[in-house]
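Colleague: I am new to reading structures. Please take me slowly through one part and what surrounds it.

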Amino acid sequence: MRADAQRNRDRLIEVAHEVFRERGLDAPLDEVARRAGVGPGTLYRHFPTREALHEAIMATWIEEVAGQVEKAMATEGGCREKLLAWFEEYVALLTRHQGAAAKITASLGCQDSPLRTKCQTYADANESVLAEMADNGVLREGVDNLDVCRLLGGVATMADQSSLAPEDVRPMLDVIANGVLKA
């Protein structure tokens with residue numbers, strides 16, 4: 001790919017992130033092109049469909065999720081602090097784009113969803129955190145990863161739709177942690 005074409009592609013991904021964050025995943029693609037300073041033809045040459053643009057954003061996002069898991073697991077303190085740090089990151093990631101929390105949470109466990117890759121990324125990340133809790137002997141018996149993801153997604157949806165501040169979300173995450181960890 002020519003250097004100028006690569007710059008345009010990178011700029012489109014960056015701007016799409018911003019536009020989707022502000023206006024939701026269904027924001028007009030023409031706005032993405034306009035803000036990136038390119039014509040609609042350039043956008044559609046790089047990303048023939050909305051899904052193709054979402055997938056390009058996804059590739060960088062998957063790496064970010066893995067980094068957030070590592071960050072949470074490096075949190076000072078015990079397992080509860082690490083788990084809550086991850087829960088906070090999970091909610092922050094889900095609420096980054098307006099309306100995404102509800103769409104992704106509703107698609108969890110749905111194998112034919114167009115959001116399957118994103119859902120699987122969340123589920124895999126959460127599973128790795130729960131596995132660490134189990135390895136440390138603090139995870140309750142019978143805790144199901146998909147159930148925890150759906151609970152976190154419910155909190156994220158509430159936060160997204162009512163514009164709750166992180167400090168107002170934390171008590172709800174404490175309740176989930178109480179159900180996940182042994183007393």
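Modeller: Helices are DSSP runs of H or I with at least four residues, strands are E runs with at least two, and both are numbered from the N terminus. This is a predicted model, in which local features need pLDDT of at least 70, side-chain atom pairs need pLDDT 80 or more, and totals for chains, interfaces and linings use all residues. Residues count from 1 along each chain as its sequence is written, and side-chain values use heavy atoms, without hydrogens or water.

Start at a loop. Leucine 164 sits between α8 (145-162) and α9 (166-180). Leaving out residues up to four places away in sequence, leucine 164 touches Met158, Ala159, Val169 and Met172 (contact: heavy atoms within 4.5 Å). Aspartate 26 is 138 residues away along the chain, and its C-alpha atom is 22 Å from that of leucine 164.

Now the aromatic rings. The whole structure holds two aromatic pairs (Phe, Tyr or Trp rings, the six-membered one for Trp, with centres within 6.5 Å; planes under 30 degrees apart are stacked, over 60 edge-to-face, the rest tilted). Tryptophan 86 and tyrosine 90 have ring centres 5.7 Å apart and planes at 90°, so they pair edge-to-face. Both belong to helix α5 (residues 79-94), where four residues, about one helical turn, separate tryptophan 86 from tyrosine 90. Tryptophan 86 is buried, at 0% relative accessible area. Tyrosine 90 is buried too, at 1%. Tyrosine 90 also pairs with tyrosine 122: the centres are 4.9 Å apart and the planes meet at 50°, so this pair is tilted. Tyrosine 90 is in helix α5 and tyrosine 122 in helix α7 (residues 116-135), so the pair ties together parts 32 residues apart in sequence. Tyrosine 122 is buried, with 0% relative accessible area. Together, Trp86, Tyr90 and Tyr122 make one aromatic cluster.

Stay with α7. Helix α4 (residues 50-73) and α7 have axes that come within 10 Å and cross at roughly 10° (axes are lines fitted to C-alpha atoms over the stretch in contact; angles run from 0 to 180 degrees between N-to-C directions). The two helices are therefore roughly parallel (under 35 degrees; over 145 is roughly antiparallel, 65 to 115 roughly perpendicular, the rest oblique). On the α4 side, the contact includes Trp61, Ile62 and Val65. On the α7 side, it includes Thr121, Tyr122 and Ala125.

Key
Buried means under 20% relative accessible area, exposed over 50%, partly exposed in between (1.4 Å probe, protein chains only).
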